[in-house]
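Here's a quick tour of a protein model for you. Take a look at it first, then we'll go through the pieces together.

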Amino acid sequence: MNNLGSTQSLYAIALVIMLSAAGCSNYYRAVRAQPDSNAIDSLHKLDRFFILRSAQSAYHMKNIRISPDQKTFFCQLDTLSTGHRLHLKRGRNGNLKYFKKSPDDKNVLNEVHFFTSQSAPALSGSEYSLVLDSIQKIEVLEWDAGRTTGSYVLGAIGVTVGAAALALVVAVALKSSCPFVSAYDGEQFSLQGEIYGGALYPQMARYDFLPLHMRPKKDGSYSLKISNELQERQFTDLAELWMVNYKDGEPLTDEKGNIYLVRAAQPPIFASLNGKNIKRHLLQAGDYSVCYMDDTTSEIARNEAHLTFGNPKGKTEGKLVLNLKNSYWLDMLYGELAKGFGSFYPTYAVQQREKPLAELLRWTKEQQIPLEVSIKTASGWKVIADLTTIGPL
């Protein structure tokens with residue numbers, strides 16, 4: 001549950017930061033991806049720019065194809081242009097920073113870096129085969145919303161003077177985010193996702209559950225990190241690590257914390273979005289292949305994905321497995337909403353904290369923020385769940 005804090009505290013923070021005169025910067029981050037054929041194929045379909053990193057060499061990987069046994073993929077290595085060398089030195093000043101107005105720097109947001117223990121040829125232009133087992137790690141580069149937003153907040157305070165400008169900065173600083181959860185994966189802390197998104201007021205506090213991919217340290221202990229990436233107050237009343245022993249399948253929870261062991265989840269046999277057929281491979285795995293639900297031009301601004309599943313054994317019960325996240329669109333909209341209140345925002349936040357939970361939930365429902373899940377019955381569509389907000393990470 002996120003608490004927006006008092007007016008006095010926010011203004012005091014803004015006043016102190018004003019003296020620092022920080023500048024605005026744009027940052028990217030490197031997200032670790034699984035070194036398997038499915039992940040690589042998904043990234044390839046997104047037309048990502050692949051870069052091979054071997055010792056001190058770096059090449060552009062073109063014309064990629066995967067072997068039938070899914071254990072090797074082949075490509076043609078080419079010289080890496082100057083427009084794709086920023087991440088070789090970890091960004092500007094080694095700080096994962098890029099210049100937004102530089103076309104060459106912006107290329108970094110589309111790159112995927114493969115680090116391998118295999119030796120690379122001395123000359124480019126040759127055919128190359130990369131064994132999946134030799135991949136040490138894969139870094140998918142993407143925009144770092146948290147660091148960039150924080151930088152712009154500080155920069156705006158540093159170069160702007162006046163009460164009106166200060167009120168604007170306070171509104172931007174109140175832009176919603178969620179606590180980030182990272183887990184030790186055997187080498188480093190890797191981001192796993194966000195928790196209790198949208199819980200802005202005390203009465204909206206709730207339990208949230210996040211599956212973690214982590215490995216023990218040498219002493220057998222597990223390490224978990226919950227971090228606050230933006231300028232806000234975040235309150236976590238309880239944090240627990242649940243350990244599930246299982247032989248096969250994947251343990252998942254529903255929103256109430258009930259644990260299910262999922263084995264051999266079945267993909268849909270037919271899928272459509274807003275009345276148009278969509279490719280089923282977009283919905284068959286939790287990967288970087290995405291199906292955008294962005295039809296906001298109609299009167300009701302509603303998106304509907306219809307999924308049809310087979311039921312050869314005639315079962316009467318089933319479990320729907322979803323791998324979800326929001327885009328930054330909702331995050332941006334809330335930021336614009338807060339900014340529109342100007343200096344009245346702290347008063348508005350206090351008023352919201354005094355409203356009943358049912359009224360706040362009704363408002364989010366009216367704004368079509370929850371993801372509504374329905375099942376088709378003999379008497380028509382029946383709503384079975386309204387899923388709470390999932391963070392964009």
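Start with Ser182, which stands opposite Leu191 in β11. This is a predicted model, so to speak of local features we need pLDDT of at least 70, and side-chain atom pairs count only at pLDDT 80 or more, while totals for chains, interfaces and linings use all residues. Residues are numbered from 1 along each chain as its sequence is written, and side-chain values use heavy atoms, leaving out hydrogens and water.

**The hairpin**
- Strands β10 (residues 180-184) and β11 (residues 189-194) run antiparallel, joined by five bridges; two strands pair if DSSP finds at least two bridges between them.
- Four residues sit between these strands, and Gly186 takes a positive phi near 105 degrees in this hairpin.

**The whole protein**
- You'll find eight helices and 20 strands here (DSSP runs numbered from the N terminus: helices are H or I with at least four residues, strands are E with at least two).
- Of the 393 residues, 34% count as buried (under 20% relative accessible area, with a 1.4 Å probe and protein chains only).

**The cores**
- The largest nonpolar core has 19 residues, and Met61, Phe73 and Phe114 have the most contacts inside it (such a core is a set of buried Ala, Val, Leu, Ile, Met, Phe, Trp, Tyr and Cys residues joined through side-chain atoms within 4.5 Å).
- Apart from that core lies another, of 13 residues, including Ile195 and Ala338.

**Helix α7**
- In α7 (residues 345-353), the buried residues are Tyr345, Pro346, Tyr348, Ala349 and Gln352.
- Seen down the axis of α7, these buried residues fall within an arc of 160 degrees, so they line one face of the helix (the arc is that of the directions from the helix axis to the C-beta atoms).

Terms used. Buried means under 20% relative accessible area, exposed over 50%, partly exposed in between (1.4 Å probe, protein chains only).
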